[in-house]
Amino acid sequence: MDHWGKNIEAVADALFGKPTSSKKDELRYGKRGSLRVNTDTGFWDDFESGEGGGTLALIKREMGLEGKEAIEWMRTELKLEIEDRAPEQRSERRDQRDQRDQRERPAPAPAKPKQDGPKPKIVKTYDYVDASGEFLFQVVRMEPKNFLQRRKPRKDDDPNDIKNGWVWKQDVKPQVPYRLPELLEAIADERTIFVVEGEKDVDNLWAMGVPATCNAGGAGKWPEELTQYFRGANVVIPPDNDPQAKNPRTGEPRFHPDGRPVLPGQDHAKLVASKLEGAAESIRIVSLPDLPEKGDTSDWIAAGGTSEALYRLVDEKSYTATEYTAALDLAWLSKNFKSKFGAVVWGEPRTAQQKYEYIIKGLIPRRETVLIYGASQSGKSFFTQDMAMAVSQGGEYLGRKVRRGLVIYCAAEAGSGFVYKRFAGYAAGKGLPDDVYLPFICLTKKFDLFGNDQQVTELIAECKYWVAWWNATYPNDQVELEAVVIDTLNKVTPAMDEINGKEVGLVMSRLDRIREELNTGLWLVHHMNASGTGPRGHTSLYAAFETAIHVGRYDHTEKDAPPKIKDGDKLRDRRFTRMSKQREGEDGEVTDFYLRGVICGYDEDNEIIPGAVVEWIDTPKSREADKTVQESGVQLTDQRANVYRALLRAMEESGIAAPPSLRLPKAITRVVNRSYWFAAYRKYYAEDDSEDAVKKALQRANDFLIRSGVIGRDNPWVWITGKRVRGEARMIAAPEQETASQAAPVDEGDPVDQKTKPIGSSSTATMRRWSSRKWS
């Protein structure tokens, strides 16, 4: 790396802002990432323009600064520590750089053979003088068209550089504006100064009595030392009407790193205006009317333009630099403009206005944000997956038309278990054959939307890949990305304070970026707050969403609560979805469902892998279920039921044979240490609750269950007495007349059915979880 290469990252950040992407030794800038900076070699490459070089070359291209000016800019503006180097050091470094260039940069294309043609000749010269009229250098117009600079020899010039009494170099410092003495006199007389692009335009304007000047070197250059001569001046800049520049190597249109087209003449006008800001009294930009493509001020004069018409244009149709940039952007964007924000002008015919689109008609808007929230074990993930799968298949969902498309489901909470159980459970429950491929991609690894902006970029890139992959793999089934699902928010924002509005706002801005760059809908699964009144966290979270859906479970202990749903010989909790917010439709709509038990498959021991699938209660299949079945037993609230179910899980996972010292009834064969019970509750039902909330819930439920005779306790042991609990299975032996097949397993929120195994398996072994035999 050369002396300047170590500063290339700081220079690129100052010129273009923060990189759009980065990886080891490589930074990308610009909307398309077309400008690459190699921090190891200190070189940059612009894939749009085909240009490249080192740090100083980048400053020259973007700022028009060379040599000492570029170095001083790095010192003063970027506060970089730049050491001066002796000539021998520069020579040595230059040799090293040249050697490195030969090694690292690609070999140049073979030079084209020289074409026969006329010998270049001088057709016009323009003298540049200082304030006193002393000659400094000349700009020389050549034919074929080219512009060179030359000056008179100095004592320290190499004799080999002197040709016919001239040194042909652009090394005069400091630079001055063209026709400087006249310029200074016009400014002193408070006359308006026109800054144009070339010397020919300057001379033609002076011929009409209009004060004018320009810089040497043409468009894209404005050395800092020129600005001092314009202090207090009223400046007007008429830009050339240049078309978009093209890459000389590929012929492709060139763009700035921020996506704007490269328009040499117009860009030069904005450059000059920015350089004169703070020095000139006023700065206006005026577009000369009816200029041909590549036309300039001289073309306008030749077509009949007069000084009176010019000053009238300045009075009536000139712009500030900001206004000009806006007008230029509008002119460019108007060529292929489509509003990114769904703009509609009042008065447009209704048929011309863009309709409000839905993915699921009347329920889920297209390309908007959707919040799906509910308490732990409410079924919100099952419901979200059910909707997402409906989108991947199309057709109808709850009697509503569905727009088919690709869904990318980020299962940050369930991880690979989502694929293992939910995929199989859905296929079993909906009757999908194994050989069916659907545009549904599940991402199973967690990521960080709060602390890592780079992962946002990577997620966007991965989603784009999967869209391209699907459409390339299935050319007869072309789809668009209709939804990115994130399940759940807290799993992808591990360090975010959910009640901190600033931190929530940061995450929401990144979610918006995902939605906007992918041009898709974004569905976010989130938890309910402790009071059960809405989604957890800062109020700005709920406000930011177009649509919000609350998923919950009915409290079957309430007098007017609807009954549970019969699923074979089991009873399932009735659940609901409520449209709590619908910005462009009616909210408040409630639809009931339950989680029907299914068999996902069989494990290595030939035992059932249980699962569940959403079954809507207003569907013909669910109406066949007996909705009015009741059973006797102790009635538990949802929270107490979860504590009880946690005990069932603990008994299954960590229970041991009842010690004889407890002298329990023969029917009670299993006990568990209460620490495993409490741990199971935290793991399965209260993962996101505070320690204090967990302790209170366990204490209240423990006391009630003991008073009700449902459980027994002799510290540290806890056991289940066998007393019936409404809607729950018993872990003890059934009476002798009750066969194993009659024992009903528990509804744990996510059904865990133990149905009939393949022919030849033992029914006794099948029901081992629920029987009274000792567990090994």
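This is a predicted model: local features need pLDDT of at least 70, side-chain atom pairs count only at pLDDT 80 or more; totals for chains, interfaces and linings use all residues.
How much space lies in the second largest pocket? About 1100 Å³.

**The chain as a whole**

Let's start with the overall picture. The chain has 776 residues, and 46% of them are buried. Its secondary structure comprises 21 helices and 34 strands. Among contacts with a separation of 6 or more, 63% are made by residues 24 or more positions apart.

**The second largest pocket**

Back to the pocket. Its lining is made up of 39 residues, and those nearest the centre are Arg61, Glu62, Gly220, His256 and Asp267. Of the elements involved, H7 gives the most, with 8 residues. Sorted by class, the lining of the second largest pocket holds 15 nonpolar and 15 charged residues, along with 9 polar ones.

**Cysteines**

If you are wondering about disulfides, the count for this model is 0. Take cysteine 442, which is in no disulfide: the nearest cysteine sulfur belongs to cysteine 410 and sits 8.1 Å away.

| Residue | Relative accessibility | Class |
|---|---|---|
| Cysteine 442 | 16% | buried |
| Cysteine 600 | 17% | buried |
| Aspartate 448 | 19% | buried |

Why does aspartate 448 count as buried? The limit for buried is under 20% relative accessible area, and aspartate 448 counts as buried because its relative accessibility is 19%.

**Around aspartate 448**

The side chain of aspartate 448 reaches the backbone nitrogen of phenylalanine 450, at 2.8 Å. Setting aside neighbours within four places in sequence, aspartate 448 is in contact with Gln455, Val492, Thr493 and Pro494. Lysine 491 is 43 residues away from aspartate 448 along the chain, yet the C-alpha atoms of the two are separated by 8.1 Å.

Methods. Residues are numbered from 1 along each chain as its sequence is written. Side-chain values use heavy atoms; hydrogens and water are left out. On a 1 Å grid over the protein atoms alone, a cavity is a set of points where a 1.4 Å probe fits but cannot get out, and a pocket is an open set with protein on both sides within 12 Å along at least five of seven lines; lining residues have an atom within 4 Å of a point. Grid points are joined across faces, edges and corners, and a volume is the space filled by probe spheres set on the points. Helices (H or I, at least four residues) and strands (E, at least two) are DSSP runs, numbered from the N terminus. Ala, Val, Leu, Ile, Met, Phe, Trp, Tyr, Cys and Pro count as nonpolar, Asp, Glu, Lys and Arg as charged, and the others, Gly among them, as polar. A disulfide is a pair of cysteine sulfur atoms within 2.5 Å. Buried means under 20% relative accessible area, exposed over 50%, partly exposed in between (1.4 Å probe, protein chains only). Contact means heavy atoms within 4.5 Å. A polar contact is a pair of N or O atoms within 3.5 Å; within protein, one must be able to donate a hydrogen and the other to accept it, and residues adjacent in sequence count only if both atoms are side-chain atoms.
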